[in-house]
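Here's a quick briefing to read alongside the coordinates.

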4 protein chains.
Amino acid sequence: MKDFIFKYEMKTRDYECDAQGVVNNANYQHYLEVTRHEFIQSVGQSFYDWHRRGIDVMVSKIVINYKAPLHGGEEFISCLNLKRTGVRYVFNQEIYRKSDEKLCVSAEVHCVCVVDGVLTRGDEIAEYFQKFLNDQQ
Amino acid sequence: MKDFIFKYEMKTRDYECDAQGVVNNANYQHYLEVTRHEFIQSVGQSFYDWHRRGIDVMVSKIVINYKAPLHGGEEFISCLNLKRTGVRYVFNQEIYRKSDEKLCVSAEVHCVCVVDGVLTRGDEIAEYFQKFLNDQQ
Amino acid sequence: MKDFIFKYEMKTRDYECDAQGVVNNANYQHYLEVTRHEFIQSVGQSFYDWHRRGIDVMVSKIVINYKAPLHGGEEFISCLNLKRTGVRYVFNQEIYRKSDEKLCVSAEVHCVCVVDGVLTRGDEIAEYFQKFLNDQQ
Amino acid sequence: MKDFIFKYEMKTRDYECDAQGVVNNANYQHYLEVTRHEFIQSVGQSFYDWHRRGIDVMVSKIVINYKAPLHGGEEFISCLNLKRTGVRYVFNQEIYRKSDEKLCVSAEVHCVCVVDGVLTRGDEIAEYFQKFLNDQQ
């Protein structure tokens, strides 16, 4: 497993599996979102507090590579790194099956900040991530 | 099929099925909600307009009887009747498989009105349903 | 909080909330299902193993009372008791907000056993729950 | 709107929206999947028939660009084109709001064929799409 600035453990749920017996593709996107929200909570912030202050962080692009499927009731570790590229915050996220650390999903999630309806450079939230951005760049 | 004041046709989606190959139980609750929202739209109203006016219609109780499963890609007809019982609006809802009109789910959904945080008798929205309430009582 | 034979802690996810900012009603049914599956796992069994052996445990009826809403990112404790009534296994389930133990949802979930397509008295799985059934009856 | 070989109309559902009042990002992936399954049905085939014959068509990679959000109760047109690139079937998919044909989502979905657990060149299902592949190449 690579180095990550944040890891979050979860467990698949049977209702997230489809008729092929594996987790439906779209549910990984839920896992990735939960992980980002937990990461933001880990620095004392919240998407919805930002929303109430007029700052909306929105996904503009997502790339997901499916490497191996997860099955019902399996534990996994959802990991992320973060960098800034222009106006974008780019989350590099990977999901590993816990039992054998097999890489199941790798993803790149691009987010932008919209303040009162206008796209910004994202400086409004930069302070919360300064430590991590410095570590990586 | 019984008489209903509103019918709405839908089709199951493969991702709504679980590993047993049938629609997961919780998804019927989604179908029932969609049907109520479409019914309310059919009288020119909207849950979210009400929400913005401070009127929240909330489900207080739901009873669902599962009679027969739906499979992926099957069309069904979702039907409802409405009555008032005390402070409650009670939706009687049934879901029939379209191909043979087999009854799959019957449900009773109790809703109450909360206006600015206070439970009311629900008179705020009664006018929109007067026609249907008269027909049945 | 009442006495329960099984408790399972979870946390709501932001995507489970709807535009009213609270967990959508149908998602509680997911929480209840996850809790039953975890309970069954806690006695060393699995719905899907049973399915492969030809034993399908199916929900025939569910009654859910909504007492108070959960919001995004809230921790809760999902509890259950179990009894047999005729051919039915009846799960009494309650969901409490963790922070103040407020009761959010109480539910009654009726399950039946179908073996190779035929409704049975459910004796196939009784041994796994004997301890709990004795405790309560 | 560009030319597409298949279009499918749908309507967003209120429970698919999150607390920001717009459709949650992961649900677009559901819409894209439904559209591919309906397309396959339109040529008389089915993912699950293939699965039963030992042919699993699996998403290996997905790229989604989010252009504009959809809100609850909005109708949209989900469109797709298809090409083969090496062992991959690549679906180019776009989602347009129906009312003004605004582009909301554009996506590229890469699928591979796995037959009895072994990755193939995908020739097993090529015949069903020959017409469309010829039209485009």
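**Strands and helices in a predicted model**

C:Val114 sits opposite C:Leu119 in S6(C). Keep in mind that this is a predicted model. The pair belongs to S5(C) and strand S6 (residues 118-119) of chain C, which run antiparallel and are joined by two bridges.

**Around S5(C)**

- The hairpin of S5(C) and S6(C) leaves two residues between the strands, and C:Asp116 takes a positive phi there, near 50°.
- Strand S2 (residues 55-66) of chain C pairs with strand S5 (residues 103-115) of chain C over 11 bridges, in the antiparallel sense.

**Helix H1 of chain C**

- H1(C) has 18 residues and spans 27 Å from its first C-alpha to its last, close to the 26 Å expected at 1.5 Å a residue.
- Is H1(C) largely enclosed by the rest of the structure, or largely open? Of its 18 residues, 13 are buried, so H1(C) is largely enclosed.
- After H1(C) comes C:Gly44, with a positive phi near 80°.

**Where H1(B) meets H1(C)**

- Helix H1 (residues 25-42) of chain B and helix H1 (residues 25-42) of chain C have axes that come within 8 Å and cross at roughly 170°.
- Angles over 145 degrees count as roughly antiparallel, and H1(B) and H1(C) are therefore roughly antiparallel to each other.
- An α-helix has 3.6 residues a turn, so residues three or four places apart point the same way.

**Where chain A touches chain C**

- Chain A puts 12 residues into the contact and chain C puts in 12 residues.
- On the chain A side, helix H1 (25-42) and helix H2 (47-52) each supply at least two residues.
- H1(A) gives the largest share of that side, five residues.
- By class, the side of chain A that touches chain C has five polar, four nonpolar and three charged residues.

Note on methods. Residues are numbered from 1 along each chain as its sequence is written. Chains are lettered from A and ligands numbered from 1 in the order in which they are written. This is a predicted model: local features need pLDDT of at least 70, side-chain atom pairs count only at pLDDT 80 or more; totals for chains, interfaces and linings use all residues. Axes are lines fitted to C-alpha atoms, for helices over the stretch in contact, and angles run from 0 to 180 degrees between N-to-C directions. Helices (H or I, at least four residues) and strands (E, at least two) are DSSP runs, numbered from the N terminus. Angles under 35 degrees count as roughly parallel, over 145 as roughly antiparallel, 65 to 115 as roughly perpendicular and the rest as oblique. Two residues are in contact if their C-beta atoms, placed from the backbone, lie within 7 Å. Ala, Val, Leu, Ile, Met, Phe, Trp, Tyr, Cys and Pro count as nonpolar, Asp, Glu, Lys and Arg as charged, and the others, Gly among them, as polar. The expected span of a helix is 1.5 Å times one less than its number of residues. A residue is buried if 20 or more other C-beta atoms lie within 10 Å of its own, exposed if 12 or fewer, and partly exposed in between; C-beta atoms are placed from the backbone. Two strands pair if DSSP finds at least two bridges between them.
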